[in-house]
Amino acid sequence: MAAPPGLPVVIVGGLHADARRTAVARLLADVPGSVVLHHDLATAAAGTVVRTVQDATGVLDADEAPLVNDCACCALREDLVPELERLAGAGRTPLAVVELWDSVEPKAMAEVVTAGGFTVTGVITAVDPALVLPYLGNGDDLADGGLAAAATDQRTVADTFARQLEYAPVLAVAESPEADDEDRALLAQLHPTARQVPIGPDGPAGAEGAADVPGVSDAVEAAADGLTVPPPRRRRLPPLAQAALAGFDVEAAAAAQHPACALLPVEADAHGVSTLVWQRRRPFHPERLYAALEDLTCAAARSRGRFWLADKSDTLFHWDAAGGALCVESAGPWLASLPDAAWEMVPPVRRAAAALDWHPEHGDRGQHLVFTSPGLDRDGLERLLESCLLTDAEYAAGPDAWQRLPHAFDTLLEV
């Protein structure tokens, strides 16, 4: 069944459940007639997922969706689009808000909704700034806290929260008396390009901070004005509703997460929080880097980026650390290692990113790691990273000699 046109979908997620619910309530109040669709995965142990549909007045519908392959998240994927089609077919809803369950990541659901024929007009992660560091430092498995989305879910609280935070272009930031300047600086440095929209129990009142939104559908404008016919003017929506309807590019968002072209944080230092951007054009010695992994992982609350190992010179490696745990994996070849004919199969955004930082000898190969944390020992971290690079003599020996260095990462990469 093709999705009827005209139903914008905004996805609201985040492990900070109270902040998420506040953001959803704000959207329901800001866009009259909108509904929220939520799948509660907490009941998965009983063999079902509870689906609710509600508007600003309360619950409109509640039902159960059976598990798919003993996977609650799979049940969500199977049930979400048919429910959106039902809402769109009824023709009474100007905006569908998909409120994700705690540990469900917005990237996967945005792609499911788009593949189902709907337009995702916004992705929002709700955040309590006082909880950013505790969650980012929590290396516990989701399963230990009853937050796993499947029996095979091996994610941690920290890495899940980091991905939720960094994928969304909009952060709904809850009012938090416990939050201080350090908490807010950490949030800003972790995702400096995000639009932050403050939310509280009552949200931004009236038209304060509102803006004309040319992309808002006629149905939303009409509902917001209480009319059946769209008014001849654009509706001035409050900030969160504006962000929810501003537009979202699923493909561009996915590209922005790829380590080869990710838009990583920039250098910063404020209120005791620092971001170190470390870039070099010399490969790592695999054995020395491997020996330093624990110290590097624990040096910052969050670190990410791409790196180059001397003994695996054709492979781009992804660095992703949070909560004291590090994930290292291959992200495919460096473009410099590909034949010219293969470049046509590479996404344009990847080619553009490589061209901006192309080295005459090494191409796009290089180190680009970013570390963000309160109390970051920048000097000590830089010394440790520098010590892991090839020495002048090792570098001068050339690529053939590099291939004979100990393959220290082989065991880690096989896990």
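How many disulfides does the count come to by the distance rule? With a disulfide taken as a pair of cysteine sulfur atoms within 2.5 Å, the count comes to zero. The structure is a predicted model, in which local features need pLDDT of at least 70 and side-chain atom pairs count only at pLDDT 80 or more, whereas totals for chains, interfaces and linings use all residues. Residues are numbered from 1 along each chain as its sequence is written, and side-chain values use heavy atoms, with hydrogens and water left out.

Cysteine 298 is exposed at a relative accessible area of 55%, while cysteine 388 is buried at 1%.

Pockets were identified on a 1 Å grid over the protein atoms alone, as open sets of points where a 1.4 Å probe fits, with protein on both sides within 12 Å along at least five of seven lines; lining residues have an atom within 4 Å of a point. The largest pocket holds about 960 Å³ of space, the volume being that filled by probe spheres set on the points. Its lining comprises 40 residues, with Arg163, Glu166, Gln257, Arg302 and Asp320 nearest the centre. Elements (DSSP runs; helices H or I of at least four residues, strands E of at least two) are numbered from the N terminus. Those giving two or more residues to this lining are helices H3 (106-115) and H5 (157-167) and strands S13 (302-307), S14 (315-322) and S15 (325-333). S15 provides the largest share, six residues. By composition, the lining of the largest pocket has 22 nonpolar, eight polar and ten charged residues.

Of its 24 lining residues, Ala260, Cys261, Ala262, Arg306 and Ala353 are the closest to the centre. Helix H9 (250-255), strand S12 (273-280) and helix H12 (348-356) each give two or more residues to this lining, and the largest share, five residues, comes from H12.

An open sheet of eight strands has the order S4-S3-S2-S5-S1-S6-S7-S8 with mixed pairing, where two strands pair if DSSP finds at least two bridges between them. Strands S4 (58-66) and S8 (195-199) stand at the edges with a single partner strand each, so one side of each lacks a neighbour in the sheet. Within the sheet, S2 (residues 35-40) and S5 (residues 96-99) pair in the parallel sense over four bridges; valine 36 has valine 97 of S5 as its bridge partner.

Notes: Ala, Val, Leu, Ile, Met, Phe, Trp, Tyr, Cys and Pro count as nonpolar, Asp, Glu, Lys and Arg as charged, and the others, Gly among them, as polar. Buried means under 20% relative accessible area, exposed over 50%, partly exposed in between (1.4 Å probe, protein chains only).
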